[in-house]
Amino acid sequence: MPASGPVHIGCGAGFSGDRTDASGPVVDALAVSGRPSYLIFETLAERTLALAQLDRRRDPAAGFTPYLADFLRPVLRRCVEAKIRIVANFGAANPMAAGRCVLEVAAELGLSDLRVAVVEGDDLLATLGADAIRRWPNDERAELAGRDIIAANAYLGAQPIAAALARGADVVVTGRCTDSALVLGPLVHEFGWAPPDWDRLAAGTLAGHLIECCAQVTGGYFADPGRKDVPDLDRVGFPIVEVARDGTMVVTKPSGTGGLVSEETVTEQMLYELHDPAAYLTPDVTMDITGVRLVTEAPDRILIQGARGHPPPPTYKVTVSLDGGFLAEGEISYAGPNALARAELAAEVLLKRVKRLGINHPIRCDIIGAVSVFDSDGGVRRRASGAPVDGDYRVRLSGSSDDRTTADRIAREVLSLYPTGPAGGAGVRTSVTGRVRTVSAYVPAEAIRPRISVLSAPAG
Amino acid sequence: MAEVPLHEIAHARTGDKGNRLNVSVIAYRSEDYPLLVAQVTAERIKELFAGRAPGAVRRYELPLLKALNFVIDDVLEGGVNGSLNLDGHGKSLSFLVLTLPIRRS
């Protein structure tokens with residue numbers, strides 16, 4: 001029996017490092033709404049999965065989101081009591097282990113009859129193998145040859161999530177799926193939306209797109225003091241979207257929390273990571289937001305309508321992750337009179353040293369405080385910046401290399417500036433980190449076979 | 001004719017996918033949207049990022065949202081997984097776009 005009134009869906013995390021104390025007020029608001037309610041967690045960025053795959057290689061029981069228990073513990077009991085179902089892409093490279101971890105958290109809390117569904121089938125390295133992956137069309141074909149493929153995961157859509165909910169799951173754990181599917185899945189389940197009702201599927205995709213980055217629609221990533229002020233950013237509320245059967249929706253946040261939901265915050269997030277606004281591609285639908293209109297219904301309540309949909313593309317997007325070598329970084333500070341000249345001298349010394357070591361890898365030097373993040377690798381903007389000679393500047397050297405030893409040598413050049421560089425060099429920090437390179441490939445939909453397993457707690 | 005930074009009349013947000021950046025530019029007031037359409041052109045955006053030798057720059061107009069959306073190819077010097085920039089995502093670059101001078105009568 002399809003739901004008649006709106007379905008409420010809250011977001012408890014928009015990335016794997018998100019705050020763990022903001023989902024409580026969301027769950028409280030969902031619990032008192034009296035509506036069919038869901039809580040989603042989106043914890044899987046583009047490269048997170050490759051890092052998780054490396055974890056799984058080291059330990060077959062690892063490879064899912066490391067903070068799973070931290071996210072679930074504060075809210076799981078309340079969700080079960082209030083019949084708020086949870087949909088989360090906690091699975092990363094090991095959805096089955098994540099599903100078992102959910103059951104362990106439930107057991108800790110004395111919740112013995114939790115039903116957990118695990119969606120698999122996104123891991124194409126496991127099912128199809130590296131050779132098949134190298135044959136598919138991708139954005140940068142040359143990159144695939146000769147490099148170790150760490151992971152290849154297809155972005156699954158909403159259907160497997162809806163199917164898992166239909167099997168009575170209290171918690172659905174997925175690996176890679178589109179972020180918006182975490183929201184569209186419950187809506188498909190509740191409303192029975194299906195092709196060719198493309199406009200409704202697009203509305204559900206938009207609802208997911210708006211809340212999947214969590215606080216980014218409620219005043220996070222937004223504040224610009226004096227111009228775009230956001231109240232109580234230290235306790236910004238996480239979002240709730242209330243979606244009606246006809247596809248209209250309201251984005252809001254729990255009362256009593258900080259943050260802001262306005263036409264401005266919603267517009268910024270609607271266009272976030274979006275390319276052609278008439279053709280946002282997912283496995284469920286091609287979304288067109290060019291006809292979307294926003295209305296401020298009340299403070300912190302924005303009504304959104306007008307999403308249109310078209311059939312999805314015939315292929316699934318797959319993120320292929322490759323070994324990306326190492327990034328070396330080192331920083332050192334210069335402050336006070338003539339600091340910029342000392343910083344420039346340090347940068348010059350570093351670049352000469354690295355060159356003399358015979359390291360022909362990409363290298364970049366910034367002076368933080370003059371121009372850094374706006375600049376290109378060549379430093380064009382910094383040289384034209386006219387930054388004051390006296391100040392508080394930080395020189396940053398970065399370089400990349402396929403081998404760890406070379407990366408270490410690059411980073412150590414910054415450390416060795418203490419006694420050998422310009423006067424007053426201070427506060428050196430260095431790091432060498434492994435990198436993952438990602439390439440997008442496109443796979444025919446027929447090659448993708450999602451699987452659903454339902455786990456329940458072992459007896460006793 | 002007064003010149004103001006784009007920051008006076010619009011706000012912006014960037015998002016990244018690989019080595020491609022999108023930047024939304026949104027007018028605070030409907031009456032300023034035509035200024036964006038007339039003056040925040042794909043050519044000016046390409047020039048602003050010239051130091052990074054970007055590929056294609058596409059501009060999409062969203063009049064109902066009083067917004068423009070720019071998609072800039074190959075501008076992140078490798079993107080989050082390959083860039084040597086502290087800001088490999090390009091998250092700060094919305095504020096570079098907001099430095100563009102706008103002529104207002």
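Tutor: A crossing of two helices is called right-handed if the near helix is turned clockwise from the far one by less than a right angle, and left-handed if it is turned anticlockwise. The model is a predicted one, and the part to look at is helix α9(A), residues 181–191.

Begin with its partner. Helix α8 of chain A, residues 159–166, packs against α9(A) at an angle of about 50 degrees, and the two axes are 8 Å apart. Angles under 35 degrees count as roughly parallel and 65 to 115 as roughly perpendicular, so α8(A) is oblique to α9(A). The crossing of the two helices is right-handed. On the side of α8(A), the contact is made by Ile161(A), Ala162(A), Leu165(A) and Ala166(A). From α9(A) come Ala181(A), Gly185(A), Pro186(A), Val188(A) and His189(A). Sorted by class, this contact has seven nonpolar residues, two polar ones and no charged ones.

Next, how is α9(A) enclosed? A residue is buried if 20 or more other C-beta atoms lie within 10 Å of its own. For α9(A), 11 of the 11 residues are buried, so the helix is largely enclosed by the rest of the structure. The buried residues include Leu182(A), Leu184(A) and Phe191(A), and also Glu190(A). The cover over them includes the strands β1 (7–13), β2 (37–41), β3 (85–88) and β7 (240–243) of chain A. Helices α8 and α10 of chain A are also included in that cover. After α9(A) comes Gly192(A), with a positive phi near 70 degrees.

In soluble globular proteins, nonpolar side chains tend to be buried together. The largest nonpolar core here has 143 residues, and Ala207(A) and Val251(A) touch the most other members. Helix α10(A), residues 198–211, gives the most to this core, with eight residues. Leaving aside neighbours within four places in sequence, Ala207(A) is in contact with Val183(A) and Leu187(A), among others.

Thr248(A) lies in the loop between β7 and β8 (249–252) of chain A. Thr248(A) has 16 other C-beta atoms within 10 Å, so it is partly exposed. Beyond its neighbours within four places in sequence, Thr248(A) is in contact with Leu303(A) and Gln305(A). Its C-alpha atom is separated by 7.6 Å from that of Gly306(A), 58 residues apart along the chain. Leu128(A) sits in the loop between α6 (124–127) and α7 (130–135) of chain A, and it counts as partly exposed because it has 18 C-beta neighbours inside 10 Å. With neighbours within four places left aside, Leu128(A) is in contact with Ile133(A) and Ala447(A).

Terms used:
Residues are numbered from 1 along each chain as its sequence is written. Chains are lettered from A and ligands numbered from 1 in the order in which they are written. This is a predicted model: local features need pLDDT of at least 70, side-chain atom pairs count only at pLDDT 80 or more; totals for chains, interfaces and linings use all residues. Axes are lines fitted to C-alpha atoms, for helices over the stretch in contact, and angles run from 0 to 180 degrees between N-to-C directions. Helices (H or I, at least four residues) and strands (E, at least two) are DSSP runs, numbered from the N terminus. Angles under 35 degrees count as roughly parallel, over 145 as roughly antiparallel, 65 to 115 as roughly perpendicular and the rest as oblique. Two residues are in contact if their C-beta atoms, placed from the backbone, lie within 7 Å. Ala, Val, Leu, Ile, Met, Phe, Trp, Tyr, Cys and Pro count as nonpolar, Asp, Glu, Lys and Arg as charged, and the others, Gly among them, as polar. A nonpolar core is a set of buried Ala, Val, Leu, Ile, Met, Phe, Trp, Tyr and Cys residues joined through C-beta atoms within 7 Å. A residue is buried if 20 or more other C-beta atoms lie within 10 Å of its own, exposed if 12 or fewer, and partly exposed in between; C-beta atoms are placed from the backbone.
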